[in-house]
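Trainee: I have a new model on screen. Can we go through its helices together?

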Amino acid sequence: MLTPILAAGAPAGAPNFGFFEALQQGGAIAFTTLGILVIMSVGSFYILFTKLLEQQKIMNQAKRVRAVFWQSNSLREGAAKLDKNSAYRQIVDDGLAAQEQHGKLTDPVEAHDWLHGSLARSEASINSKLGGGLAFLATVGATSPFVGLFGTVVGIYRALVKIGAAGQAAIGDVAGPVGEALIMTAIGLVVAVPAVLAYNWLQRRNKSIAEDLSAFSNDVLGYLASNGAVRPTVARAASSTIAKPVAGTTTAGQAGGVPTAPRV
């Protein structure tokens, strides 16, 4: 793609230095370098799209937690309303399991510390899964320009060797092969830039998800440590809205009776 654009203004009858001609200047090494860059690019886009789907799934789970979880009467009831593979359900299940295990400990450990450690371990497990593959993006972004530069160096070296063997030093004989060999550097940059952008974007989204998970874990810890007395503000607000009396409703069978709240 780059070669036809750059060579669009070349006069008719000029030597043909296309992309494959540039690869031929570098031989097998140039083709191998191009193959490595293609693998890097395909791998980067695969990780980008798969991670976006994974992140969006957890973000949708967070919306469901805010909508239905804290309106439940207990953690077990709330967990039953979440998807089986939900990251938030994993935190709740691990918290409940840690609460049950604390009573079986022979060495006395503070309940708060035990629950906090278990929930933190659950969070770390989820964040580790979210971060899988990002190291590949960072590696591609850091190394692909140098891989392309390696292909350029080899291509230039081969071109200069052929020119020296032919005994010709005309600028036309040098500019073509050397200029076409530089395309490998351009390909390396084309591979690196999307990988760096994808890495930074995914990292920012992972940080936002980790903050939501940490806040939810803290709410679960407060609930467990208080036997259900402590709930998030959003849950208390929803409960007070549901319990608010509606004007005009009366006790059945009593004309002019005392207004009562509707049953949920």
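Trainee: In what order do the elements of the protein run from the N terminus on?

Mentor: This is a predicted model: local features need pLDDT of at least 70, side-chain atom pairs count only at pLDDT 80 or more, and totals for chains, interfaces and linings use all residues. Residues are numbered from 1 along each chain as its sequence is written, and side-chain values use heavy atoms, with hydrogens and water left out. Helices (H or I, at least four residues) and strands (E, at least two) are DSSP runs, numbered from the N terminus. The protein has 9 helices and 0 strands. From the N terminus on, the order is α-α-α-α-α-α-α-α-α.

Trainee: How do H5 and H8 run, roughly parallel or roughly antiparallel?

Mentor: H5 covers residues 111–130 and H8 residues 183–225. Their axes (lines fitted to C-alpha atoms over the stretch in contact) lie 10 Å apart, at an angle of about 160°. Angles run from 0 to 180 degrees between N-to-C directions; under 35 counts as roughly parallel, over 145 as roughly antiparallel. So H5 to H8 is roughly antiparallel.

Trainee: How do the residues of the contact of H5 with H8 divide?

Mentor: Contact means heavy atoms within 4.5 Å. Leu115, Leu119 and Ile126 are among the H5 residues that meet H8, whose side includes Ile209, Leu213 and Val220. Ala, Val, Leu, Ile, Met, Phe, Trp, Tyr, Cys and Pro count as nonpolar, Asp, Glu, Lys and Arg as charged, the others, Gly among them, as polar. The division is 10 nonpolar, 6 polar and 1 charged.

Trainee: Which residue follows H8 with a positive phi?

Mentor: H8 itself has 43 residues. The residue after H8 has phi near 55°, and that residue is asparagine 227.

Note on methods:
Parallel < 35°, antiparallel > 145°, perpendicular 65-115°, else oblique. Expected span 1.5 Å × (residues − 1).
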